[in-house]
Amino acid sequence: MTFKQKIYQYYLQLVQDKIDVFRDMIGALTEDSKNDAKGSAGDKHETALSMMHIEQEKLNTKLREVVNQKVILDKIDPSKIAQTIIVGSLVKANGIYLYMSLALPKINIEGVNVIALSPQSPLGNKLMGNVVGFTFEINGTTYLVENID
């Protein structure tokens, strides 16, 4: 497995783990609301059910966001190598590894820090479609694209 494929697999697992956690939390809330409905009555019961419903809606919204992230990751072919920077490219610029995909947490693979970057971010937008040797400046820092994998 290549370095880029390891990064891809790590991020895919990270997003899948988030999906599983949100589904578990939603399931637990659903179960709690069923159990609460059996033994409660009155205003206190209605308030508790309402609060659980609001929490469930929040979790469903977060779940949809993470599922959308997984859809984007699923479209990436980690074995594809392009001459220009595309979604799925691993870019080395100024010694920093940038994975063009989504805005996800920084990770460490094989002792190397990798930053996942959205193509819509200012840095991602500058990089998209460019080639090795491309230089650009953001916030007073000049960057040089050293490698594209």
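Start by selecting Y10, Y11 and Y99, which ring pairs link into a cluster. Here, rings of Phe, Tyr and Trp (its six-membered ring) pair if their centres lie within 6.5 Å; planes under 30 degrees apart count as stacked, over 60 as edge-to-face and the rest as tilted. Keep in mind that this is a predicted model, where local features need pLDDT of at least 70 and side-chain atom pairs count only at pLDDT 80 or more, while totals for chains, interfaces and linings use all residues. Residues are numbered from 1 along each chain as its sequence is written, and side-chain values use heavy atoms, with hydrogens and water left out.

Across the whole structure, a search finds 5 aromatic pairs. For one of them, select F134 and F136: their ring centres are 5.3 Å apart with planes at 20°, so the pair is stacked. Colour by accessibility next (buried is under 20% relative accessible area, exposed over 50%, partly exposed in between, with a 1.4 Å probe and protein chains only). F134 is partly exposed at 23%, F136 is buried at 7%, and Y143 is buried as well.

Next stop: K4, in helix α1 (residues 3-39). Helices are DSSP runs of H or I, at least four residues, numbered from the N terminus. Show what lies around K4: leaving out residues up to four places away in sequence, K4 touches P78, K80, G88, L90, Y99 and D149, where contact means heavy atoms within 4.5 Å.

Methods. Helices (H or I, at least four residues) and strands (E, at least two) are DSSP runs, numbered from the N terminus.
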